[in-house]
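Please open the model in your viewer and keep the selection tool at hand. The stops below go from ring pairs to a chain contact and then to a strand residue.

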6 protein chains.
Amino acid sequence: MSLSHIDSSNKAAMVDVSGKAITERIATAEALVTVNDAVAAQFDGSDLVSKKGPVFQTAILAGVMGAKQTSNLIPLCHPLPLDKVGIDITFENNTAIIRCTAKTTGKTGVEMEALTGASIAALTLHDMCKALDPAIVISQVRLLEKTGGKSDYRA
Amino acid sequence: MSLSHIDSSNKAAMVDVSGKAITERIATAEALVTVNDAVAAQFDGSDLVSKKGPVFQTAILAGVMGAKQTSNLIPLCHPLPLDKVGIDITFENNTAIIRCTAKTTGKTGVEMEALTGASIAALTLHDMCKALDPAIVISQVRLLEKTGGKSDYRA
Amino acid sequence: MSLSHIDSSNKAAMVDVSGKAITERIATAEALVTVNDAVAAQFDGSDLVSKKGPVFQTAILAGVMGAKQTSNLIPLCHPLPLDKVGIDITFENNTAIIRCTAKTTGKTGVEMEALTGASIAALTLHDMCKALDPAIVISQVRLLEKTGGKSDYRA
Amino acid sequence: MSLSHIDSSNKAAMVDVSGKAITERIATAEALVTVNDAVAAQFDGSDLVSKKGPVFQTAILAGVMGAKQTSNLIPLCHPLPLDKVGIDITFENNTAIIRCTAKTTGKTGVEMEALTGASIAALTLHDMCKALDPAIVISQVRLLEKTGGKSDYRA
Amino acid sequence: MSLSHIDSSNKAAMVDVSGKAITERIATAEALVTVNDAVAAQFDGSDLVSKKGPVFQTAILAGVMGAKQTSNLIPLCHPLPLDKVGIDITFENNTAIIRCTAKTTGKTGVEMEALTGASIAALTLHDMCKALDPAIVISQVRLLEKTGGKSDYRA
Amino acid sequence: MSLSHIDSSNKAAMVDVSGKAITERIATAEALVTVNDAVAAQFDGSDLVSKKGPVFQTAILAGVMGAKQTSNLIPLCHPLPLDKVGIDITFENNTAIIRCTAKTTGKTGVEMEALTGASIAALTLHDMCKALDPAIVISQVRLLEKTGGKSDYRA
């Protein structure tokens, strides 16, 4: 495996997927958001309650909508229809665990959609809690699993 | 400092900034992207060379453009003009250190613009190198510094 | 028929359409816009003439373009290719009758595309005539007909 | 008051606001959404509970984000910063009453932002409940009040 | 005048305009679109009539809306409010002459807004007539005039 | 061949492609950008070096991303997935020759995607060099070739 098939001029280019098979592709990504005790104290058992509104609900919607913007944000991503985007958030030990799953039936994978959805959800969580904790850290943004392409992956 | 001024119905709402002073506001955020040796071996001293094109150059542009999308991505962010968005990437020990600085002259800060710019740059880096390393991790996405608002912050 | 299959945590999520059949789907929606006599007096037999330009022509284009933004605007809508968006406007008795038809060949319907197209056309009409009539009312925004999915509908 | 200052060629054009004063401008708009008993039965006292998630919460966020897209959707609207967008939804007698308030400090009003926010919230509500009631009707989309421009208005 | 102040790492960056004065800035750009006789024969004295609709009306609206997208399309452009965008099209000798004027009151010029507006109008004209003439050529896309910045320019 | 199938009311409308076959469609477009000697002197053999960053690299990315925005910019274009967008730039005699190729597997062609990609790349080049040459001219924006539809075309 190598990066040696570099086009001679080193110009950025989208990969040509015209010859690839159409398959169902699924990817799941994760992002963690760690907050201080002042924020954690606002957890009501199912959501963080902030003066900007319900944090997880807002983050989930932002993540779903963000995932749909992936090909507009990541320069070399292919625009493609999506069969589903779903996001779950759990909260324990001052850390929100965000998981985003994206599905398509297409020629290319949806890893970036899953990662972008998780990231935008994490950024939204940050935005809504930063008045109480400007030192919030987003970490462990990574792919957990993908299936349906040339090779599957599991973290 | 508290989150207790919750509006009675717990509905999401943008903060009203109409009464705030217009000042020059600057924020800097960071994101780290850690890659495996196969990717790191592609570093040519100033950029990572991938078959999708020059990685850092592409990530910088994606981050600058992403920062300009902040108010479209983060539900409760205010749309505002930007005086500058700049991104630097350094690379050492298999880790790309992305720093994004945003500036505005306005009524509200640009922390989310800096964080979004750094995050989109990191996601772009991930996208361009994931063929060689699907286990890439983005971490330490956080605010480094902000000035110009009610209170300054330094990480 | 019920809403009882609520996911346990009551989190917003796109419906998973990966298992649905690809069929030709058509939807038509309507919106009415009622204006005062001062605006109606500007009707030249085929369009309303305003100082901002030809009102119906502009509203039609805005509606077509708006329909294409549906999945960016409605959080849980699926992004999908469109085979056609068309809008007609007729005018009688101080009321513009806007009809928008959307077509796709896909796994999910285009009701929201038709409704969004009609709504954006109506809002554009409002924008172009509000100098003469700030009391313009948009009403009867509703689905007229849909075909091609699990069940057809006709208002 | 007249529409007689038509540019000679009847071409669409944005109004030139370069000579207008910068003032604080506020606008509030309304939209009603009427649903059937099957949907109304899902009301839990503060939100409609659907299998796609919490309806009013989602509609509020969609409306706030939609208001920020106004100048991208309405062809002749001016892009401008926003000081606040807020949406409230109340529910009685099978009807959701959506009110959207937008604020700016600028040269032109935010009536279209308020109307667009209310409309996108209404469309989102429709989207989330249409499985139970395809005959949902959006009505009374109109401006309630505006202040801060050349002339105030109250419905 | 030189390009020698290159930042040491040759990374793309927006110019920092935070220290610049806020002035009224105006720019006008032009684009020519040359069509064959089959298209020119559709000219009715004020517009080209195509099966996709009125060509110049559509191109004008697309150009105005496109100008508003400038900072989303051109990577290093600053997002800024616009006081006006206007487009005129004249037609003679098989050539449409598109002129786009943009105005802002801000820290940076609107040359790119004027050029983008003219270009998107030209592309729209191409789109609507390409069934009759796939060899349409857009040419002379250039700045005609700008005022209000450090230095004025007139072509 | 004629434009005579005009809909009776001369309203703008997207062509209905629901009955068309899905084929692989490719289009290539060109744009030329002519600069003065001051800009040309910055050519380092592979890119133009400006104080805003590497010009061709930036223009290529902007063009690829712009091509993905085609259906949002050109009112009557169909939104569709893209298999590839690629851009090459060569430079000789003070002129940058931009070629953009777009590919889809769909019901309608990608001429406008290729033309939009080439145009946005050209505008970006203009933006990055205009400090040294405000008289830059973009010309010869045209389709070079298309295949895969009802009829092929070669300039």
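Is Phe91(F) buried or exposed? Select Phe91(F): with a relative accessible area of 16%, this residue is buried, where buried means under 20% relative accessible area, exposed over 50% and partly exposed in between (1.4 Å probe, protein chains only).

Before the next stop, note that this is a predicted model, in which local features need pLDDT of at least 70 and side-chain atom pairs count only at pLDDT 80 or more, while totals for chains, interfaces and linings use all residues. Residues are numbered from 1 along each chain as its sequence is written, chains are lettered from A and ligands numbered from 1 in the order in which they are written, and side-chain values use heavy atoms, with hydrogens and water left out.

**Ring pairs**

A pair of aromatic rings is described by how far apart the centres are and by the angle of the planes. Rings of Phe, Tyr and Trp (its six-membered ring) pair if their centres lie within 6.5 Å; planes under 30 degrees apart count as stacked, over 60 as edge-to-face and the rest as tilted. Over all chains, the count is 18 aromatic pairs.

Select Phe43(B) and Phe56(B): the ring centres are 6.2 Å apart and the planes stand at 50°, so this pair is tilted. The two residues are 13 residues apart and link distant parts of the chain, with Phe43(B) in the loop between α1 (37-40) and β2 (49-50) of chain B and Phe56(B) in helix α2 (residues 55-68) of chain B. Helices (H or I, at least four residues) and strands (E, at least two) are DSSP runs, numbered from the N terminus. Phe43(B) is partly exposed at 28% relative accessibility, whereas Phe56(B) is buried at 1%.

Phe43(F) has a relative accessible area of 27% and is partly exposed.

In chain A, select Phe43(A), Phe56(A) and Phe91(A), which ring pairs link into a cluster.

**Where chain C meets chain F**

Show chains C and F together. Their contact (heavy atoms within 4.5 Å) takes 16 residues from chain C and 21 residues from chain F. About 1,600 Å² is buried between the two chains, 52% of it on carbon and sulfur atoms; buried area is the accessible area (1.4 Å probe) that two parts lose on being put together, summed over both. On the chain C side, Met65(C), Lys68(C) and Asp83(C) lose the most area to chain F, together 32% of what that side buries.

Two salt bridges are counted between chain C and chain F, each a side-chain nitrogen of Lys or Arg within 4 Å of a carboxyl oxygen of Asp or Glu.

**A strand residue in chain C**

Finally, select Lys146(C), found in strand β6 (residues 137-147) of chain C. Leaving aside neighbours within four places in sequence, Lys146(C) is in contact with Ile26(C), Ala27(C), Glu111(C), Ser151(C), Asp152(C) and Tyr153(C).
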